[in-house]
Structure formats: C-alpha cells, structure tokens
Amino acid sequence: MDLFTINLKLKNNQYTSLEEFEKDIRLIFRNCYKYNDIGSDLYCSGEALESDFNKIWNEKLILQKKQTRELKRVRDNDTDADSSFTRFSKKQSHLEQNEDNLMYKQVVNDALTIASAYESLVTGDIIPFIEILKNFLLTRSRMSLPLADESMLQAIVESLLPLKYRIPELSLVMDGKKSKGSGRFGYSDIFILKGLGDYNISLELKYISLVGLIRNQKIKFGANELGNLDKILENEDEEVLLKRSYIYWSKEFKTTNQTTIGEVLNSGINQLKSYMNIISKGKVADYSSSGIFDERVEIIKSNPNKIKGFVIVVIGFHRILWKPVEEVTSNYIYNKV
C-alpha cells in the first residue's frame, strides 16, 4: 500500500466508507515502521506524516460528533421534525461533503503531486520531479546540513516516487568475468518502471556536502556558515559552480580526495551510462555474463522500448544540477515482483 495507490482508488471511487480509506492509510504507516530502521529518514518521515494525518482525522471526528449532537437537538426541539430533519440532513450532507473534500485534499495532496511528477518523469520530463525534490529539501533545517549525505538524498528521492514503480539499489552484474570486489557488481541508485509511460528511468544520485566545499576555505565553520554558503550557491553561475573544489572521504581508498563538482557530475554521467547498458541486457544469463541480478524484478522479452537516464547532483539544500544521458534501447519489459 502506498499513497499513489490510494490516490488511484480515490479517483476510481473505490472507497465505500471513510473507514476503508483510514485502513489503507494506517497500513502505510505500519509498513513504514516495520521495514525501516528506527531513527532513519524514512521512519521519521512516516512519524511526521502520521502525526499530521492524526490531527486532520481527529478534527474530522470532532466535527462529526458536533454535527450529530446538533442533529439530535434539532430533532428533539423542532415542532416540524420531519421538515427540519430534511433541511438539516441536506445541510449536514453538504458540510460533510466539503469536509471530506478538505480532508482528502490535505491527506493526498502530496500524493497527487508525486503522481504527477512521476507521470512526467516516465514521459521523459524530469523538471516537475526536480521541483518537488527542491521543495522538499527547502523544508529541512540548516542544522542538519553538516550531517547531510548521499544516503539522505537516496531516502528522500525514494520517498518522492510511487512504491509500486521504484526499485532502489538495483543489483547488476557489471562484468561476470571479474570476481566480487573487483568490479563484478554494480548498483543503480534508482530504477523507475515506466508503468503507462514511454520510458523506464534510471537515476544516478550524487550529493555534494557543503562541509567538503567549505573546508577549502580553511576557516572554522558551523551550521550558520554552512547555511550562508548554501544560499550563495543557490544562485551561483553554473560554470563557476562546477569549478568549485570539493574534498570528500573515499571509502574505496580510505583517504581524503579532492575533486570538483564538475568532475563529480561527469563521473555520474559515465557511471549511469554503464548501468543503463547493463540494464538493457536484461537478466543475467549465466555466471560469466552481465545483466540484472535482482530478485525484485521480473524481466520479460518484448518489443524494443527505451531506457532514459538522468544524473541528479544535489548541493546542500538549495541547489540542484541535473543532466540527461543518451537513452538506450532495451528488448525487455521490467516489472516489480
């Protein structure tokens, strides 16, 4: 269960009562807490959303009880009970309809936005998705800037895509002739199934920590200094921005390396191209071959279709760069198991 599915059920009038709607919403929260670690971004986001939902839902229940009491008073005191009941019922129905619309609008507003961005994404237009990603990042506090990293970005992007159509960390065999740890495996950050769209989408995510940018200035810094740099970078000329030096910790070599934002972007483009070429090969045929090696994906031979890719580079919380890569042709259909 996910908000995208709930939105579709609302559009198709599949809910016969508010209780059915609430049951599906509660299922999302239970799954969130069951499958995500306590304290993780997704777990905390689930708690925040549930808190908002409970507030809206309780307000609705209070309104219903108030209307019930008012209805009883009218029926007890009005001498023309039948006529008054008819008039009040019509008024109550109107109020409930408006309140239901308000409640649904608040609960599924984010889902509608996500669904719309997803629909644009699988037609090859990434801009609506970039917009909701930017809006989400802008809600984060500058106090979290020092700890922001690529894992945070991965969690955020996953939360902004329909559960049914996203496969994070898609497992790939890059070169079946190599051994594990020497380039045999690769993991595409997020593979998005096209559903009713035109393209399957592959996203490569890169996060530029402001800590790695400000260290080059050899000054003491805290959250305020990072926040000020974040705002400066928001409107900085892209050519200047790409030349900025960036210091990061290399897990592979266990040392501090220096590069530029432009080099990070180009590296992401090359990396994504290699992932897309492997994805287009379909399922791994044997031990020494390359292809998709992921039990979450069902792969079926089909007429040619396209895979489109985008590299997204997030810098701090205010600046996002994105670049498309050349699309590739695949002779397979990909479904989530």
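E20 is partly exposed, with a relative accessible area of 32%, where partly exposed covers the range between buried, under 20% relative accessible area, and exposed, over 50%, as found with a 1.4 Å probe on protein chains only. The residue lies in helix α2, helices being DSSP runs of H or I with at least four residues and strands being runs of E with at least two, both numbered from the N terminus. Leaving aside the neighbours of E20 within four places in sequence, this residue is in contact with Q14 and Y15, contact being taken as heavy atoms within 4.5 Å.

## Model and overall make-up

This is a predicted model, in which local features need pLDDT of at least 70 and side-chain atom pairs count only at pLDDT 80 or more, while totals for chains, interfaces and linings use all residues. Residues are numbered from 1 along each chain as its sequence is written, and side-chain values use heavy atoms, with hydrogens and water left out.

The secondary structure of the protein comes to ten helices and eight strands. Of the 337 residues in the protein, 45% are buried. Among contacts between residues at least 6 apart in sequence, 66% join residues that are at least 24 apart.

## Packing of α1 against α2

Helix α1 (residues 3-11) packs with α2 at an angle of about 170°, the axes lying 10 Å apart; the axes are lines fitted to C-alpha atoms, for helices over the stretch in contact, and the angles run from 0 to 180 degrees between N-to-C directions. That angle makes α1 roughly antiparallel to α2, given that angles under 35 degrees count as roughly parallel, over 145 as roughly antiparallel, 65 to 115 as roughly perpendicular and the rest as oblique. On the α1 side the contact is made by L3, I6, K9 and L10, and on the α2 side by F21, D24, I25 and I28. The residues of this contact of α1 with α2 divide into six nonpolar, no polar and two charged, where Ala, Val, Leu, Ile, Met, Phe, Trp, Tyr, Cys and Pro count as nonpolar, Asp, Glu, Lys and Arg as charged, and the others, Gly among them, as polar.

## Packing of α5 against α6

The axes of helix α5 (residues 127-138) and helix α6 (residues 150-159) come within 11 Å and cross at roughly 120°, which makes α5 oblique to α6. In this pair, α5 passes α6 in a right-handed crossing; a crossing is right-handed if the near helix is turned clockwise from the far one by less than a right angle, and left-handed if anticlockwise.

From α5, the residues F129, L133, F136 and L137 meet M152, L153, I156 and V157 of α6. The residues of the contact of α5 with α6 divide into eight nonpolar, no polar and no charged.

## Salt bridges

Counting as a salt bridge any side-chain nitrogen of Lys or Arg within 4 Å of a carboxyl oxygen of Asp or Glu, the total comes to ten salt bridges. One of them joins R26 to E22, with the closest N and O atoms 3.2 Å apart; R26 and E22 are four residues apart in helix α2 (residues 18-35), and therefore separated by about one helical turn. E22, R26 and E50 are linked in a network of salt bridges.

E236 forms a salt bridge with R244, the closest N and O atoms being 2.8 Å apart, and E236 is buried, with a relative accessible area of 15%. K243 pairs in a salt bridge with E239, where the closest N and O atoms are 3.9 Å apart, and both K243 and E239 are exposed.

## Three further residues

W57 lies in helix α3 (residues 41-77) and is buried, with a relative accessible area of 5%. W57 and E22 are 35 residues apart in sequence, and their C-alpha atoms are 8.8 Å apart in space. E169 is found in strand β1 (residues 166-173) and has a phi near 50°, a positive value in a residue other than glycine; E169 is partly exposed, with a relative accessible area of 34%.

Y287 has its place in the loop between α10 (261-279) and β6 (291-292), and this tyrosine is exposed, with a relative accessible area of 65%. The C-alpha atoms of Y287 and D175 are separated by 9.8 Å, although these residues are 112 residues apart along the chain. Leaving aside its neighbours within four places in sequence, Y287 is in contact with G176 and R184.
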